[in-house]
Amino acid sequence: VPNIFWDYNKWDIREDAVPYLESLVTLFRNNQNLKFEIRSHSDSRGSYEFNDELSEKRAKEVVDYLVKRGVPRSIVVS
């Protein structure tokens, strides 16, 4: 999956990320016997604590998107 880009200091999913996330939806729905870990990162412009929290929010946003699209929460780890 290509990188998903985020706006500065934001964690809402951009429209350009939707096609990539939809490909994950298909992959995850078709492989429910596996577990998947979702991670995110941020740049180094903020403090460590701020960037860590921002990364967690971004990963959670992706997980929430996948679950809303029908991916079982039990197979996605963030």
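**View 1. Overall dimensions of the predicted chain.** Residues are numbered from 1 along each chain as its sequence is written, and side-chain values use heavy atoms, with hydrogens and water left out. Along the principal axes, the C-alpha atoms fill a box of roughly 40 × 25 × 20 Å.

**View 2. Order of the secondary structure elements.** The chain has two helices and two strands, which follow the pattern α-β-α-β along the sequence; helices (H or I, at least four residues) and strands (E, at least two) are DSSP runs numbered from the N terminus. Of the 78 residues in the chain, 29% are buried, with buried meaning under 20% relative accessible area, exposed over 50%, and partly exposed in between (1.4 Å probe, protein chains only).

**View 3. Helix α2 and its buried residues.** The 21 residues of α2 reach 30 Å from the first C-alpha to the last, close to the 30 Å expected at 1.5 Å a residue, the expected span being 1.5 Å times one less than the number of residues. Its buried residues are N51, L54, S55, R58, A59, V62, V63, Y65 and L66, and the buried residues of α2 pack against α1 and β2 (76-77). After α2 comes G70, which has a positive phi near 105°.

View 4. N51 lies in helix α2 (residues 48-68) and counts as buried because its relative accessibility is 11%. Leaving aside neighbours within four places in sequence, N51 is in contact (heavy atoms within 4.5 Å) with S42, D43, S44, R45 and G46.

**View 5. Backbone at N9.** N9 lies in the segment before α1 (18-29), and, although N9 is not a glycine, its phi is positive, at about 60°. Most residues other than glycine have a negative phi. With a relative accessibility of 31%, N9 counts as partly exposed.

Methods: Predicted model: local features only at pLDDT ≥ 70, side-chain atom pairs only at ≥ 80, totals over all residues.
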